[in-house]
Amino acid sequence: MRAVELDGKRESAFIFNNWYIAGTGGDITGEPLARRICDIPLVLFRTRSGAVAALEDRCAHRGMALSAGGKCLGETIQCPYHGLEFDTGGICVRIPGLERVSPDMRIRSFPVVEKDAVVWIWMGDAAGADPARIPSHPYHSDSSYVWSRGVLEVNANWEFLNDNLLDLTHVQYAHRNTIGGNPDEDARAQIKVQRNGRRVVLTRWLRDTACPPFHKQLYGFKGRIDRVQEVEFTPGYIFLHSSSMDVGDSVDEGWRRKGMHFYQMHAITPQTPTRTLYMFTMSRNFKTEDRALTEQIHALSMRTFEEDKAMLEVQQARCTEYPDIPLVATKHDTATAQARRIVREMMAEEVAGDQRSGSGVKDLPRPVGTAAVNNLRA
Amino acid sequence: MRAVELDGKRESAFIFNNWYIAGTGGDITGEPLARRICDIPLVLFRTRSGAVAALEDRCAHRGMALSAGGKCLGETIQCPYHGLEFDTGGICVRIPGLERVSPDMRIRSFPVVEKDAVVWIWMGDAAGADPARIPSHPYHSDSSYVWSRGVLEVNANWEFLNDNLLDLTHVQYAHRNTIGGNPDEDARAQIKVQRNGRRVVLTRWLRDTACPPFHKQLYGFKGRIDRVQEVEFTPGYIFLHSSSMDVGDSVDEGWRRKGMHFYQMHAITPQTPTRTLYMFTMSRNFKTEDRALTEQIHALSMRTFEEDKAMLEVQQARCTEYPDIPLVATKHDTATAQARRIVREMMAEEVAGDQRSGSGVKDLPRPVGTAAVNNLRA
Amino acid sequence: MRAVELDGKRESAFIFNNWYIAGTGGDITGEPLARRICDIPLVLFRTRSGAVAALEDRCAHRGMALSAGGKCLGETIQCPYHGLEFDTGGICVRIPGLERVSPDMRIRSFPVVEKDAVVWIWMGDAAGADPARIPSHPYHSDSSYVWSRGVLEVNANWEFLNDNLLDLTHVQYAHRNTIGGNPDEDARAQIKVQRNGRRVVLTRWLRDTACPPFHKQLYGFKGRIDRVQEVEFTPGYIFLHSSSMDVGDSVDEGWRRKGMHFYQMHAITPQTPTRTLYMFTMSRNFKTEDRALTEQIHALSMRTFEEDKAMLEVQQARCTEYPDIPLVATKHDTATAQARRIVREMMAEEVAGDQRSGSGVKDLPRPVGTAAVNNLRA
């Protein structure tokens with residue numbers, strides 16, 4: 001056990017030069033949607049032509065929030081106060097009653113990409129927004145899977161949500177009333193942690209273990225099973241692949257193909273330093289037509305993640321009050337520590353970049369229009 | 001379009017040396033009323049002899065709020081904690097169980113003037129309280145008019161309320177569900193803005209325009225009409241005179257006498273830097289006996305001003321978050337900019353005066369008794 | 001009347017090296033109880049063996065609050081997040097799935113003493129926790145008395161609660177709807193104030209006074225009575241002894257034995273600089289079997305102290321807003337001023353001690369284990 005510091009202090013609260021998940025499925029429509037990401041208030045909307053736009057949610061004229069009663073008019077959004085209209089690049093294209101519009105009348109726009117039913121947004125310098133970095137999540141688009149989605153707002157720093165999913169020993173205690181099982185059996189799990197660039201992959205194996213009743217009900221296993229959980233962290237999101245199969249079927253990467261599979265996407269989108277938009281989707285490869293089962297699994301997931309929410313909010317309150325007391329890590333915190341190191345590195349890199357260019361991202365209230373990189377299709 | 005800065009920053013949040021409206025009609029009675037003006041907590045009450053008093057709402061003994069259960073006893077107010085009594089000049093005249101009262105036991109009192117059913121209060125140095133500066137509003141006292149009144153608390157800086165009434169192009173957008181009409185017709189309005197000392201007068205003319213159905217119902221107009229709105233701003237209040245008449249009747253100042261008239265008084269009394277007591281009265285010169293109509297007009301006004309309230313509170317939240325981003329003015333902001341200039345000038349003058357005299361108004365917790373100028377009759 | 005300053009400013013908000021009341025009667029059980037004292041979040045619990053433990057409410061591992069779903073397991077408490085267990089000395093004795101536990105994995109524990117059905121806690125340096133300083137309150141343990149207890153959270157600094165009980169002239173005004181009586185008669189009271197080390201004793205005599213109807217009903221007095229109130233203040237608590245007896249029975253200390261007696265314990269436990277845990281018990285020596293009377297007296301006490309709570313919260317709000325305006329004392333504030341002087345002296349002594357030892361109590365997040373002095377029996 002090393003005394004790795006996992007404290008709550010940081011130079012910057014966010015990584016701006018990063019792709020975040022702004023919404024899933026049908027979240028974003030022709031009705032303006034207010035959403036705060038990296039403490040920047042945004043208005044998101046879909047234009048008549050189908051493009052998703054993300055603008056600073058603040059009219060350049062009098063500071064009014066465009067989302068608070070604004071209207072989407074074809075390819076523009078209209079301010080609810082004096083009727084000014086802005087295009088998807090943040091340029092004001094009409095002021096009622098006036099013939100000319102000053103080029104100063106504009107607001108910031110943000111690059112967005114829609115892919116696999118997920119809307120991704122880049123919160124930093126638009127020049128660095130590379131859609132090739134956006135991961136695939138094919139289970140949303142493949143008809144051999146069925147998926148559902150849920151949203152929770154968690155009053156805790158986004159890194160506490162990362163930690164939570166990267167140390168699964170909490171399941172037996174925090175979730176004893178939902179998905180928790182046998183603490184002794186769980187303590188046998190073999191754990192492997194690997195860092196790969198900006199990713200951390202944690203794998204947990206439970207080989208030749210008793211099949212939990214719920215798994216038997218779901219998939220009809222007859223005897224003992226092998227179980228694998230693969231948690232893949234990248235700042236902004238976590239993919240969690242959970243599979244169960246007959247004993248022996250897991251060898252030679254068989255666990256990626258055989259048996260029962262859940263593919264979870266956990267969007268961990270920072271809203272403020274102490275509030276996080278937590279959106280999850282849950283895809284599975286079995287009984288895909290069984291709607292009642294989909295609802296049952298969704299309800300259990302919601303109850304489970306609400307347990308996390310309640311706990312993380314208490315944890316945040318304590319760490320807000322005692323920011324200077326270092327936390328003490330255990331051997332189970334290996335993946336957690338790697339993830340925090342990646343975040344620290346990216347934050348330091350970003351701060352260094354801002355210092356080289358002489359200005360921080362937050363200091364640029366209205367950077368040059370980003371329409372060119374807006375609505376990139378990956 | 002000039003980039004006039006209308007930002008939210010200011011040296012001082014208030015003008016203290018100014019008359020504000022503390023109440024209208026029967027607001028102030030023998031029951032103590034708590035009211036915060038220019039961030040000073042006040043207790044207002046009417047003594048048995050009929051005078052209105054305004055004291056700092058804070059007992060000199062233990063800091064208790066006199067309004068929180070205090071009692072008016074003839075010409076004094078009694079503290080609800082240990083029963084100390086203060087007169088209308090803020091002097092403690094009795095401590096139960098003690099024979100002598102220290103001259104230190106006193107609190108600040110504020111000059112008040114009651115005129116035309118409006119209670120005016122001076123929040124600055126009592127020596128400068130000149131009742132001659134208080135305007136008349138004869139429609140409250142003249143039986144050829146009928147009036148109603150409403151009160152709203154708006155969680156926004158008072159200057160945002162000024163701006164709102166000084167750029168009426170917002171009516172077509174912010175009030176589309178209440179009093180908004182025809183945006184294209186409205187864009188034709190002829191606008192004139194004049195500064196006159198500490199006043200800004202904005203006049204909007206719509207000549208030979210279609211009569212809105214509501215106006216026809218109210219007054220029985222047969223054909224097209226002339227419409228005028230005159231908005232007269234002074235820091236602390238706005239008078240808005242709105243009149244409609246048959247085409248042609250408006251010439252040669254005829255619009256001041258002929259046709260249908262609404263005289264609105266908008267009291268814009270700063271409570272804190274981000275909260276404003278908004279009191280309005282609405283007087284009219286027609287169907288003065290029709291109580292159902294009075295109620296109908298009052299209800300429509302309330303709905304309209306509640307739309308403003310909701311919007312201004314969002315605007316304030318955005319401007320609180322981004323105090324350093326300058327707003328961009330349009331040609332419609334001429335009156336707004338003039339009003340803000342007057343406020344800035346008065347604030348600068350006041351700060352300079354405080355510096356000359358060596359102390360700010362806020363630094364004087366208990367200035368010498370102001371009983372002499374208290375309850376001035378204008 | 002001297003202008004003694006009783007202002008709200010202070011160097012330190014609390015006295016840490018002091019015994020406070022953490023609970024009464026059956027408050028503390030095998031179910032973890034969250035309680036904040038001197039702005040330190042605590043978890044209190046009773047182990048299977050009956051000892052009361054008080055730990056910092058914050059797991060050393062990830063900062064989770066132990067009280068938020070933690071479980072008492074025999075002599076330990078288990079963290080609700082990852083299942084770590086801590087003993088009553090704050091030492092982590094088990095981490096699920098790991099064989100060794102680092103000696104760094106520990107949290108602060110606090111000395112506690114249970115005596116006369118009251119749980120006392122020492123919030124400062126454990127070395128100074130002398131149980132001999134804890135007072136007796138035998139009325140809780142003596143069967144010739146009956147007692148009831150109540151709890152209120154008051155959003156005011158604890159010293160305002162001290163002031164309240166040390167100037168009883170407020171009773172006739174603040175409690176006119178409950179226990180207030182005759183203001184003129186009350187003004188006749190003879191008052192004596194004595195300081196004795198860290199104690200202030202205020203005695204109020206009303207000799208040969210009319211018997212209030214409620215007293216007649218309670219005890220059956222036939223004629224006029226003598227009344228005494230003795231208020232004994234020590235930082236952290238106040239004992240209030242109130243007795244009534246036939247005229248003449250009070251001489252020669254007779255008032256301590258004869259007639260009708262109420263012994264009140266007022267625990268005034270600071271939670272934050274502006275929130276106080278106010279727990280009272282009320283013991284009496286007459287009609288001890290009459291449960292309906294016990295409930296009637298309890299209900300009247302609650303109503304009375306809720307009047308204090310409402311008032312003190314307003315007072316706190318005013319004094320928070322105006323921290324720099326000195327309050328003006330009256331002759332009735334003699335005891336109040338003495339009490340505040342004692343508090344100032346103890347705070348100054350504590351700050352000086354911290355400076356001598358080179359570290360403040362608040363700077364020591366995890367001092368050495370205090371198990372040795374924990375659960376002292378007085």
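In chain C of this predicted model, four strands form an open sheet in the order β5-β6-β7-β8, with antiparallel pairing, where strands are DSSP runs of E of at least two residues and helices are runs of H or I of at least four residues, each numbered from the N terminus, and where two strands pair if DSSP finds at least two bridges between them. Strands β5 (71–73) and β8 (92–94) of chain C stand at the edges with a single partner strand each, so one side of each has no neighbour in the sheet. From one strand to the next the twist averages 35°, the axes being lines fitted to C-alpha atoms and the angles running from 0 to 180 degrees between N-to-C directions. Within this sheet, β6 (residues 76–78) and β7 (residues 85–87) of chain C pair in the antiparallel sense over 3 bridges, and C:Ile77 has C:Phe86 in β7(C) as its bridge partner.

Residues are numbered from 1 along each chain as its sequence is written, and chains are lettered from A and ligands numbered from 1 in the order in which they are written. Local features need pLDDT of at least 70, side-chain atom pairs count only at pLDDT 80 or more, and totals for chains, interfaces and linings use all residues, while side-chain values use heavy atoms, with hydrogens and water left out.

In chain A, strand β12 (residues 190–196) and strand β13 (residues 199–209) pair in the antiparallel sense over 7 bridges, with A:Val200 in β13(A) as the bridge partner of A:Arg195. The hairpin of β12(A) and β13(A) has 2 residues between the strands, and A:Gly197 takes a positive phi near 65° there.

Aromatic rings of Phe, Tyr and Trp (its six-membered ring) pair if their centres lie within 6.5 Å, with planes under 30 degrees apart counted as stacked, over 60 as edge-to-face and the rest as tilted; by this rule the count comes to 42 aromatic pairs over all chains. The rings of B:Tyr237 and B:Phe239 have centres 5.3 Å apart and planes at 50°, so this pair is tilted, and both residues are buried, that is, under 20% relative accessible area with a 1.4 Å probe and protein chains only (exposed being over 50% and partly exposed in between). The pair of C:Phe280 and C:Phe305 is edge-to-face, at 4.7 Å centre to centre and 70° between the planes. This pair links distant parts of the chain, with C:Phe280 in strand β17 (residues 275–284) and C:Phe305 in helix α5 (residues 291–321) of chain C, 25 residues apart. C:Phe280 is buried at a relative accessible area of 1%, and C:Phe305 is also buried, at 8%. In chain A, one aromatic cluster is formed by A:Tyr219, A:Phe221, A:Phe262 and A:Phe286.

A charge sits over a ring if NZ of Lys or CZ of Arg is within 6 Å of the ring centre and within 35 degrees of the ring normal. A:Arg207 lies over the face of A:Trp205 at 3.9 Å from the ring centre, and the charged end of B:Arg284 sits over the ring of B:Phe286, 5.5 Å from its centre.

Over all chains the structure holds 0 disulfides, a disulfide being a pair of cysteine sulfur atoms within 2.5 Å. For B:Cys319, which is buried with a relative accessible area of 13%, the nearest cysteine sulfur is that of A:Cys59, 10 Å away.

Chain C is superposed on chain B by a rotation of 120° with 0.1 Å of shift along its axis (RMSD 0.0 Å), which is the relation of a three-fold axis; copies are superposed by least squares on the C-alpha atoms of residues with pLDDT of at least 70 in both.
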